[in-house]
Amino acid sequence: MPAPSVEYGLLSPMLIVFGIALAGVLVEAFAPRTARYRAQVVLSIGGQAVAFVAVVCQALHLDSPVGRSAVLGAIAIDRPALFLQGTLLGVSVLATLLMAQRVSDGSGLAAFTPQAATVPDSAAEQIALKAGVTQTEVFPLAMFALGGMMLFGASDDLLTMFVALEVLSLPLYLMCGLARRNRLLSQEASLKYFLLGAFSSAFFLFGVAMLYGYSGSLSLSGVAAGRGPASLGLIGIALLCVGLLFKVGAVPFHSWVPDVYQGAPTPVTAFMASATKIAAFGALLRVCYVALPTLANDWRPVLSIIAVLSMTVGTVIAIAQNDVKRMLAYSSVAHTGFILTGVIALNTSGLSASLFYLFVYGFSTLGAFAVVSVVRRADGDEEGDLRRWAGLGRRHPFFGVVFALFLLAFAGIPLTSGFVSKFAVFKAAAEGGAASLVVIGVIVSAIAAYFYVRVIVLMFFTDPVEDGPVVQSGTLSTAMIGLTAFVTLALGAVPQPVLDLANHAGQFLR
């Protein structure tokens with residue numbers, strides 16, 4: 001058996017992220033309370049920027065056209081993994097800015113600065129703010145989750161993938177319960193996510209055990225070469241996919257999505273809705289394309305049914321929602337079905353199209369939830385009731401127009417990134433023999449446009465309600481919203497540079 005070796009250079013982006021997470025824990029333990037906020041923000045954003053540079057350097061200096069394996073084949077440093085890691089870091093930096101901006105505003109991510117502080121709800125909170133007591137632990141938790149996400153999509157070994165799944169999940173369970181206001185709703189969301197996540201992890205681990213019995217190996221390439229009982233392999237695939245489909249929020253494993261998205265602090269929801277989906281789909285793509293292509297005739301029909309159910313259920317239920325976060329949550333379920341069409345294609349075009357879809361969806365979703373986080377009632381709490389958003393676009397044109405842009409992108413309207421991404425995955429699915437799935441996807445997209453356009457009509461063409469919500473946005477959140485809107489519009493008008501990157505990343509290391 002070869003001696004264990006760790007290729008630190010290949011693993012440097014992930015090691016940097018885990019390193020700043022550990023440094024953040026030390027800051028929480030030893031730094032003065034009043035100094036923690038600035039230290040954590042600088043550490044998190046600076047560390048992610050350095051990790052992004054490391055990813056770019058890795059992509060430019062790969063030793064082979066496809067990539068290399070590391071840690072005795074447990075981790076694959078190939079072009080899809082580096083593309084996903086770069087996307088995760090880009091999304092996470094913006095999410096960190098949003099977390100940093102939500103200062104003592106009821107989101108639960110309280111970090112006291114005199115310029116942005118609002119009136120606290122109680123004398124206890126007043127004393128806490130004067131003392132500089134903050135919830136800056138959210139930053140190292142986010143970094144641990146980000147490190148797990150980067151490892152999840154790069155895992156070339158089922159046991160490593162399980163470890164990465166737990167590393168990314170456990171911090172998210174805690175982050176969901178950090179809301180200062182609506183504490184009970186936030187804690188309920190955290191508990192639901194934890195319990196259902198524990199069940200899905202158990203299914204994943206049982207699936208790993210079954211696939212090991214089928215192939216005698218834990219590596220994805222070893223599973224692909226397995227010659228054990230077919231029934232054992234199919235049971236293993238089913239159990240493994242339960243864990244992965246839970247993380248992407250596919251029907252029928254989606255029940256946690258609306259409750260957790262609504263109950264968690266909105267900056268945390270933004271981070272989860274964008275980054276977690278990118279990481280989970282990265283792992284699902286690697287499993288399907290590397291470990292399971294020989295059994296495609298068995299799992300593709302089931303995954304096609306799940307894709308259709310996700311598209312239709314997410315769209316139909318979203319129409320009936322009056323809470324903006326729940327509407328976006330069911331929209332996320334519908335988009336899971338659209339991305340699954342690229343997975344089902346099982347060709348190079350499907351992989352590239354799925355990577356591009358994850359890139360544009362991550363930024364659009366992050367921007368949409370960022371807008372939700374700045375729309376507030378008079379008492380400073382978030383205004384989630386869509387009916388009270390009437391006339392918001394007239395009173396605050398910038399935020400109304402930007403939110404409308406994100407909704408149009410979700411609907412797949414031309415000249416937005418959403419149109420290009422949907423066209424790419426539908427084209428790949430048609431080439432892969434899933435034309436019926438494409439037809440259903442187009443029909444569902446047309447239906448979904450209704451509830452997106454309904455919100456736009458409400459914001460711009462409906463009379464405002466008395467004492468309607470106002471926008472409370474700081475410099476960081478405004479800049480972040482503007483940047484995500486620019487990416488959404490630019491990738492609709494000039495998508496070719498990112499499409500070329502996704503096409504270049506369209507081959508896994510096997």
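A pLDDT value is the predictor's confidence in each residue, on a scale from 0 to 100. The protein has a mean pLDDT of 87, with 92% of its residues at 70 or more.

**Where to be careful**
- Residues 103-108 keep a pLDDT under 50, and the model gives them 27 contacts beyond four places in sequence.
- Residues 110-133 also have a pLDDT below 50, with 35 contacts in the model beyond near neighbours in sequence.
- Where pLDDT is low, the predicted coordinates should not be read in detail.

**The annotated domain**
- An unreviewed UniProt entry lists residues 155-447 as "domain: NADH:quinone oxidoreductase/Mrp antiporter transmembrane".
- Over residues 155-447, the chain is 78% helix and 1% strand, and the end C-alpha atoms lie 37 Å apart.

**Helix α6**
- Helix α6 covers residues 158-175; at 1.5 Å a residue its 18 residues should span 26 Å, and this agrees with the 26 Å between its end C-alpha atoms.
- At the start of α6, a side-chain oxygen of Asp157 comes to within 2.9 Å of the backbone nitrogen of Leu159.
- Buried residues of α6 include Leu158, Phe162, Leu165, Pro171 and Tyr173.

- His335 sits in helix α13, which runs over residues 324-345.
- Is His335 buried or exposed? His335 counts as buried because its relative accessible area is 2%, and the cut-off for buried is under 20%.
- The side chains of His335 and Tyr357 make a polar contact at 2.7 Å.
- Beyond its neighbours within four places in sequence, His335 touches residues including Tyr361, Phe410, Lys422 and Tyr452.

Conventions. Residues numbered from 1 in each chain as written. Predicted model: local features only at pLDDT ≥ 70, side-chain atom pairs only at ≥ 80, totals over all residues. Heavy atoms only, no water. Helix = DSSP H or I, 4+ residues; strand = E, 2+ residues; numbered from the N terminus. Expected span 1.5 Å × (residues − 1). Buried < 20%, exposed > 50% of the residue type's maximum accessible area, 1.4 Å probe, protein only. Polar contact = N/O pair within 3.5 Å; in protein donor to acceptor, adjacent residues only side chain to side chain. Contact = heavy atoms within 4.5 Å. UniProt positions renumbered as here; feature names shortened; annotations may be inferred.
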